[in-house]
Amino acid sequence: AMSDPRSRAVFLPAEPGEGILPEEAARKVIALNLPRAFRRAVTDAEIEKYMAFFRRSQKKGDSYRTSIS
(Lines give C-alpha, C1' and ligand atoms only; values in the text may rest on other atoms or scores of the structure.)
Protein backbone atom coordinates (compact mmCIF):
# COMPACT_ATOMS: atom_id res chain seq x y z
CA ALA A 1 0.00 0.00 0.00
CA MET A 2 2.79 2.44 0.82
CA SER A 3 4.28 1.98 -2.64
CA ASP A 4 1.11 3.54 -4.07
CA PRO A 5 1.59 7.33 -4.01
CA ARG A 6 -2.12 7.91 -3.27
CA SER A 7 -2.03 5.64 -0.21
CA ARG A 8 1.23 7.17 0.94
CA ALA A 9 -0.30 10.65 0.69
CA VAL A 10 -3.17 9.59 2.98
CA PHE A 11 -0.96 8.10 5.69
CA LEU A 12 2.13 10.26 5.20
CA PRO A 13 0.68 13.68 4.41
CA ALA A 14 3.94 15.40 5.29
CA GLU A 15 7.54 14.53 4.51
CA PRO A 16 10.66 16.48 5.28
CA GLY A 17 11.93 18.65 2.51
CA GLU A 18 12.19 22.25 1.56
CA GLY A 19 10.62 24.27 4.34
CA ILE A 20 9.69 21.36 6.62
CA LEU A 21 11.97 19.66 9.10
CA PRO A 22 11.70 15.91 9.83
CA GLU A 23 10.38 16.59 13.33
CA GLU A 24 7.63 18.88 11.97
CA ALA A 25 6.62 16.36 9.32
CA ALA A 26 6.57 13.53 11.86
CA ARG A 27 4.37 15.50 14.25
CA LYS A 28 1.85 16.13 11.45
CA VAL A 29 1.80 12.45 10.47
CA ILE A 30 1.46 11.26 14.06
CA ALA A 31 -1.21 13.83 14.94
CA LEU A 32 -3.24 12.75 11.90
CA ASN A 33 -2.88 8.99 12.30
CA LEU A 34 -3.11 8.43 16.07
CA PRO A 35 -6.80 9.37 16.26
CA ARG A 36 -7.48 6.99 13.39
CA ALA A 37 -5.58 4.20 15.10
CA PHE A 38 -7.08 4.81 18.54
CA ARG A 39 -10.54 5.71 17.17
CA ARG A 40 -10.75 8.62 19.55
CA ALA A 41 -9.23 12.03 20.16
CA VAL A 42 -5.66 11.91 21.43
CA THR A 43 -3.85 14.10 23.91
CA ASP A 44 -0.68 16.07 23.36
CA ALA A 45 1.03 13.70 25.81
CA GLU A 46 0.09 10.73 23.60
CA ILE A 47 1.45 12.48 20.52
CA GLU A 48 4.64 13.27 22.42
CA LYS A 49 5.03 9.61 23.40
CA TYR A 50 5.11 8.61 19.74
CA MET A 51 7.34 11.55 18.86
CA ALA A 52 9.84 10.13 21.35
CA PHE A 53 9.90 6.88 19.36
CA PHE A 54 10.48 8.90 16.19
CA ARG A 55 13.32 10.90 17.78
CA ARG A 56 14.98 7.77 19.12
CA SER A 57 14.93 6.18 15.67
CA GLN A 58 16.28 9.36 14.05
CA LYS A 59 19.07 9.53 16.62
CA LYS A 60 20.09 5.98 15.62
CA GLY A 61 20.45 7.22 12.05
CA ASP A 62 17.30 5.64 10.62
CA SER A 63 15.65 7.23 7.60
CA TYR A 64 12.57 9.40 8.02
CA ARG A 65 10.26 6.70 6.67
CA THR A 66 11.77 4.04 8.91
CA SER A 67 11.52 6.38 11.89
CA ILE A 68 7.88 7.26 11.24
CA SER A 69 6.71 3.69 10.65
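This is a predicted model: local features need pLDDT of at least 70, side-chain atom pairs count only at pLDDT 80 or more; totals for chains, interfaces and linings use all residues.
View 1. Arg65 is partly exposed, at a relative accessible area of 40%. Glu15, with 31% relative accessibility, is likewise counted as partly exposed. Arg65 and Glu15 form a salt bridge in which the closest N and O atoms are 2.9 Å apart. Because Arg65 belongs to helix H4 (residues 64-68) and Glu15 to the loop between helix H1 (5-11) and H2, the pair ties together parts that are 50 residues apart in sequence. The structure holds six salt bridges.

**View 2. Crossing of helices H2 and H3.** The axes of H2 (residues 22-38) and H3 (residues 44-59) come within 9 Å and cross at roughly 135 degrees, which means that H2 is oblique to H3. The crossing is right-handed. On the H2 side the contact is made by Pro22, Glu23, Ala26, Arg27, Ile30, Ala31, Leu34 and Phe38, and on the H3 side by Glu46, Ile47, Glu48, Tyr50, Met51, Phe54, Arg55 and Gln58. Sorted by class, the contact has 10 nonpolar, one polar and five charged residues.

**View 3. Salt bridges of Arg55 with Glu23 and Glu48.** The closest N and O atoms of Arg55 and Glu23 are 2.7 Å apart. This pair links distant parts of the chain, with Arg55 in helix H3 and Glu23 in helix H2, 32 residues apart. Arg55 also meets Glu48 in a salt bridge, at 2.5 Å from N to O. Relative accessibility is 28% for Arg55, 32% for Glu23 and 31% for Glu48, so Glu48 counts as partly exposed. Through shared partners, salt bridges join Glu23, Arg27, Glu48 and Arg55 into one network.

Notes
Residues are numbered from 1 along each chain as its sequence is written. Side-chain values use heavy atoms; hydrogens and water are left out. Axes are lines fitted to C-alpha atoms, for helices over the stretch in contact, and angles run from 0 to 180 degrees between N-to-C directions. Helices (H or I, at least four residues) and strands (E, at least two) are DSSP runs, numbered from the N terminus. Angles under 35 degrees count as roughly parallel, over 145 as roughly antiparallel, 65 to 115 as roughly perpendicular and the rest as oblique. A crossing is left-handed if the near helix is turned anticlockwise from the far one by less than a right angle, and right-handed if clockwise. Contact means heavy atoms within 4.5 Å. Ala, Val, Leu, Ile, Met, Phe, Trp, Tyr, Cys and Pro count as nonpolar, Asp, Glu, Lys and Arg as charged, and the others, Gly among them, as polar. A salt bridge is a side-chain nitrogen of Lys or Arg within 4 Å of a carboxyl oxygen of Asp or Glu. Buried means under 20% relative accessible area, exposed over 50%, partly exposed in between (1.4 Å probe, protein chains only).
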